[in-house]
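Q: Please take a close look at a single part of this assembly, the interfaces made by one chain, and describe what forms them.

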There are 4 protein chains.
Amino acid sequence: MSSIRVTVWNEFVHERHNEAVARVYPAGIHNILAATLGNYSELLLKTATLSDPDQGFSEDLLAGTDVLIYWGHAAHDQVADAAVNRLQQRVLDGMGLVMLHSGHWSKLFKRLMGTSCALRYREAGERERVWNINPGHPITEGIGDYIELAESEMYGEPFGIPLPDEQVFISWFQGGEVFRSGNCWQRGSGRIFYFSPGHELYPIYHHPQVQRVIYNAVKWACPRSRRTEVPLHIPADKAPEKLEARGPALHDAQGKLLPGNL
Amino acid sequence: MSSIRVTVWNEFVHERHNEAVARVYPAGIHNILAATLGNYSELLLKTATLSDPDQGFSEDLLAGTDVLIYWGHAAHDQVADAAVNRLQQRVLDGMGLVMLHSGHWSKLFKRLMGTSCALRYREAGERERVWNINPGHPITEGIGDYIELAESEMYGEPFGIPLPDEQVFISWFQGGEVFRSGNCWQRGSGRIFYFSPGHELYPIYHHPQVQRVIYNAVKWACPRSRRTEVPLHIPADKAPEKLEARGPALHDAQGKLLPGNL
Amino acid sequence: MSSIRVTVWNEFVHERHNEAVARVYPAGIHNILAATLGNYSELLLKTATLSDPDQGFSEDLLAGTDVLIYWGHAAHDQVADAAVNRLQQRVLDGMGLVMLHSGHWSKLFKRLMGTSCALRYREAGERERVWNINPGHPITEGIGDYIELAESEMYGEPFGIPLPDEQVFISWFQGGEVFRSGNCWQRGSGRIFYFSPGHELYPIYHHPQVQRVIYNAVKWACPRSRRTEVPLHIPADKAPEKLEARGPALHDAQGKLLPGNL
Amino acid sequence: MSSIRVTVWNEFVHERHNEAVARVYPAGIHNILAATLGNYSELLLKTATLSDPDQGFSEDLLAGTDVLIYWGHAAHDQVADAAVNRLQQRVLDGMGLVMLHSGHWSKLFKRLMGTSCALRYREAGERERVWNINPGHPITEGIGDYIELAESEMYGEPFGIPLPDEQVFISWFQGGEVFRSGNCWQRGSGRIFYFSPGHELYPIYHHPQVQRVIYNAVKWACPRSRRTEVPLHIPADKAPEKLEARGPALHDAQGKLLPGNL
């Protein structure tokens with residue numbers, strides 16, 4: 001099996017500034033994820049954080065990344081628009097994206113969805129049951145009927161997303177809500193998986209089944225083909241079928257709008 | 001039948017600066033569309049253009065618009081980001097959007113899709129046959145097997161869009177390409193229809209079947225329900241099920257991230 | 001507004017043979033539904049049951065039906081295959097179908113879905129909360145955040161259906177399960193809405209919000225266009241583009257496979 | 001890479017009874033496909049035909065098949081319903097299915113789709129251009145912009161199928177039609193790919209790009225997880241959450257409808 005180059009990006013704010021979070025993830029969420037995914041020999045892991053050069057989203061790093069895992073919460077606004085532009089382009093070009101938990105509110109996720117990405121939420125240490133509604137899907141391989149999380153943050157419907165291309169998990173919450181907690185989309189040549197469990201106050205990324213879901217998602221999101229989508233002018237004499245151009249034109253021979261039209 | 005308030009927005013550039021276009025649409029594309037749609041008594045029509053106050057996208061105008069028809073080509077970059085923000089929000093809140101032809105490259109469409117929206121194109125006056133692949137869909141009511149356009153601009157696949165929620169038309173081009181020319185999406189509470197025929201050099205909006213498609217699309221896109229999606233904090237004592245909050249918290253009682261966490 | 005011809009079909013078995021059910025629906029589920037929908041003046045209502053001629057699915061009745069509401073549970077196997085054939089054909093031709101509750105296990109629903117339609121279930125009088133996850137959809141018009149049912153039968157995931165074309169409701173159950181309880185599909189020219197609440201032991205169809213959902217679904221499912229899909233041979237001289245037939249052929253001029261090929 | 005067990009099933013009628021077909025596929029379509037796929041070492045290939053025991057669809061053969069490739073045209077009606085039942089069940093349980101060309105009209109495909117599967121057709125040796133509209137999809141790996149077939153049977157829209165879960169190819173025909181020629185669905189745990197090129201009179205399966213598409217489709221359709229979907233009764237004392245059953249019941253403790261209810 002060929003290798004998959006995975007970068008785990010974490011804003012790494014709460015772990016450094018909040019004691020309760022630091023107790024759960026002393027080395028940061030990125031490091032627990034990198035450590036556990038590192039047990040799979042076909043994955044080549046790197047980590048990056050907001051305080052790295054280029055906010056951890058350098059051209060070089062992205063160019064060497066097949067699948068990006070993204071965790072953010074407190075510092076979404078600090079991510080530069082230029083980084084978001086690069087990230088969106090990389091996803092459209094084929095890079096896989098595993099967006100975790102509060103990443104639903106990141107600039108990148110909202111950019112790729114085009115919708116509000118709003119939801120209901122509550123932080124009460126309640127029980128969440130993540131139902132596997134798609135037992136034949138690659139992302140649920142090795143996952144049983146459901147994953148039970150003793151303590152979780154409630155994320156509830158309606159969730160302001162486009163209809164997922166594939167629906168994988170739906171969560172039940174003790175307080176009475178439901179949530180589409182595992183959702184797949186393709187955008188451009190890139191595959192996106194959003195997985196909601198992962199509030200930083202609870203040891204959710206220590207849960208072996210949660211780790212397995214993320215591993216499965218990385219394999220699922222790994223690009224097969226890549227293509228950069230750009231507008232492409234096809235002159236009449238390059239048409240697949242023989243064609244003679246007729247009538248007036250607003251574009252020149254290279255397909256650019258003619259000057260003087262503005 | 002209750003009324004539908006329709007605004008036809010047109011950047012209105014090529015009709016004023018290019019003689020060939022002016023011959024086809026002397027009063028502008030917005031006016032031909034408003035005139036023909038005006039024959040349907042349940043539609044209340046307004047027009048707006050880029051040179052209007054607020055670029056034709058004022059809060060007031062949008063607040064009084066159920067369905068927006070949008071045509072642009074040469075001046076996409078001139079539309080202010082603030083206007084795009086307002087437009088996107090209105091669509092997510094439930095306003096219908098009928099995006100025409102080169103509007104595929106507008107800031108608004110790219111924002112709502114989250115993808116490149118790139119395509120192949122060629123301006124050679126070639127024949128296009130717009131196949132009705134969804135005869136049971138409301139947007140194809142009264143449309144036969146296909147619409148034949150004697151002269152059209154080629155728009156070809158791959159088209160950089162998310163998979164449409166409903167596929168309505170696929171076009172055949174004389175030069176050998178195909179194109180998904182009629183596509184439906186829901187984003188937030190808003191319905192979006194993209195219809196590709198409509199190059200400004202050819203009298204496509206004079207074609208009765210094209211006019212019928214746009215009328216059908218307006219009815220389809222008209223909002224039934226509306227809702228503004230915002231994050232909603234549900235405190236533990238307001239949970240649908242009886243719930244006692246447990247453990248530490250990063251949010252205050254109103255659901256805001258606590259200070260000192262950054 | 002033009003009229004919609006609605007037929008409420010009910011197998012009408014449990015109401016006649018079980019006292020507990022008879023107390024909730026003394027005149028049968030079909031009659032409570034017909035009575036409440038009858039309050040909407042644009043709906044023209046008929047009822048039919050399994051003990052009617054042609055099992056309540058006569059050609060004449062179906063020919064005069066725009067939308068069929070279907071309830072069955074104990075007698076799915078008794079519905080004749082010929083009736084299922086007629087029903088499937090009518091749906092593909094454009095008749096709307098509102099499939100209720102245990103109708104998920106009817107021959108008709110399984111035929112239209114192509115999948116197992118299996119689910120988890122439990123009859124314990126537990127609480128169900130039907131979340132509106134699609135506030136902009138016509139079927140949720142007038143429905144708030146959720147419908148709460150004090151007593152319901154649990155239907156749980158995984159539900160063996162194709163991915164819905166539109167997702168409208170997801171249910172939470174007191175016992176810990178979730179369920180996609182309101183799902184839309186288009187098949188041929190027909191629109192199908194499956195709505196799971198409605199166990200015959202509980203007064204669910206007396207609930208005004210449930211009645212409203214069914215009314216909304218009838219309006220949504222009402223056909224705009226209709227078309228019977230049959231294979232269509234297009235001889236070379238009837239092709240849209242000028243075409244000269246080349247090479248050998250397995251079909252005769254009418255498009256039938258030539259004799260001697262078997 | 002682990003092996004994939006592939007069975008190529010062909011009705012094998014026209015190759016034995018029609019000289020023109022026999023010239024193109026002297027050993028039958030199944031053998032050319034098995035031979036070319038056999039070049040990929042991870043594929044373990046078997047072939048089967050209608051004249052085999054159990055019509056080539058024995059329990060044993062299917063139990064040892066990860067992905068089934070299916071070609072049929074003249075003898076769809078001869079396939080026994082019992083075989084179709086087994087096949088459908090196997091697909092829902094996770095077996096991949098690559099349905100080729102005129103297999104669109106097989107009992108199996110119609111069963112899995114639930115729709116008419118009707119289309120337009122014409123046998124005139126015309127040019128087909130199969131456009132790759134999804135360059136990032138695993139099925140288009142190694143395929144360029146399009147595959148050009150010098151001679152093909154026209155299959156045209158509207159095609160009576162459910163909206164594909166993923167759209168991969170759309171074809172252009174010389175005679176003026178278009179067709180969704182490469183379509184993906186998931187049904188149960190099984191993945192289905194329909195690929196329309198392949199009329200038996202033309203050497204389409206000798207085309208390297210067509211062979212590559214079929215190879216890619218086999219890899220894509222290979223099951224990761226499997227699950228047989230059956231109704232599952234969850235008694236109140238086995239509910240995930242603590243639950244006390246209330247009220248009357250129509251089912252016994254095993255979840256069967258109580259006798260006397262009919």
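A: Between chain B and chain A of this predicted model, the count of salt bridges is zero. On the side of chain B that touches chain A, the elements that give two or more residues are the helices α1 (14-17), α2 (19-24), α5 (81-93) and α6 (107-113), together with the strands β5 (120-132), β6 (146-156) and β10 (232-233). The largest share of that side, eight residues, belongs to β5(B). By class, the residues of chain B that touch chain A comprise 32 nonpolar, 22 polar and 17 charged.

The contact draws 71 residues from chain B and 71 residues from chain A. About 5500 Å² is buried between these two chains, and carbon and sulfur atoms give 58% of that area. Strand pairing also links the two chains: β5 of chain A, residues 120-132, pairs with β10(B) in the parallel sense over two bridges. Within β10(B), Leu232(B) is the bridge partner of Arg120(A).

Chain B also touches chain D, in a contact that takes 22 residues from chain D and 22 residues from chain B. Here the buried area is about 1800 Å², of which carbon and sulfur atoms give 68%. Trp131(D), Trp172(D) and Val178(D) supply 30% of the area that chain D buries against chain B, more than any other three residues.

Two salt bridges are found across the interface of chain D and chain B. One of them joins Asp145(D) to Arg120(B), with the closest N and O atoms 2.9 Å apart. Strands β5 (120-132), β7 (166-173) and β8 (178-187) of chain D are the elements that give two or more residues to the side touching chain B. Of these, β7(D) gives the most, with five residues. The side of chain D that touches chain B has 10 nonpolar, five polar and seven charged residues.

Within chain B itself, helix α3 (residues 29-37) is largely enclosed by the rest of the structure, because seven of its nine residues are buried. Those buried residues are Ile29(B), His30(B), Ile32(B), Leu33(B), Ala34(B), Thr36(B) and Leu37(B). They pack against elements of chain B, namely β1 (4-10), α1, β2 (43-49), β3 (67-71), β4 (96-100) and α7 (208-221).

Note on methods. Residues are numbered from 1 along each chain as its sequence is written. Chains are lettered from A and ligands numbered from 1 in the order in which they are written. This is a predicted model: local features need pLDDT of at least 70, side-chain atom pairs count only at pLDDT 80 or more; totals for chains, interfaces and linings use all residues. Side-chain values use heavy atoms; hydrogens and water are left out. Contact means heavy atoms within 4.5 Å. Buried area is the accessible area (1.4 Å probe) that two parts lose on being put together, summed over both. A salt bridge is a side-chain nitrogen of Lys or Arg within 4 Å of a carboxyl oxygen of Asp or Glu. Helices (H or I, at least four residues) and strands (E, at least two) are DSSP runs, numbered from the N terminus. Ala, Val, Leu, Ile, Met, Phe, Trp, Tyr, Cys and Pro count as nonpolar, Asp, Glu, Lys and Arg as charged, and the others, Gly among them, as polar. Two strands pair if DSSP finds at least two bridges between them. Buried means under 20% relative accessible area, exposed over 50%, partly exposed in between (1.4 Å probe, protein chains only).
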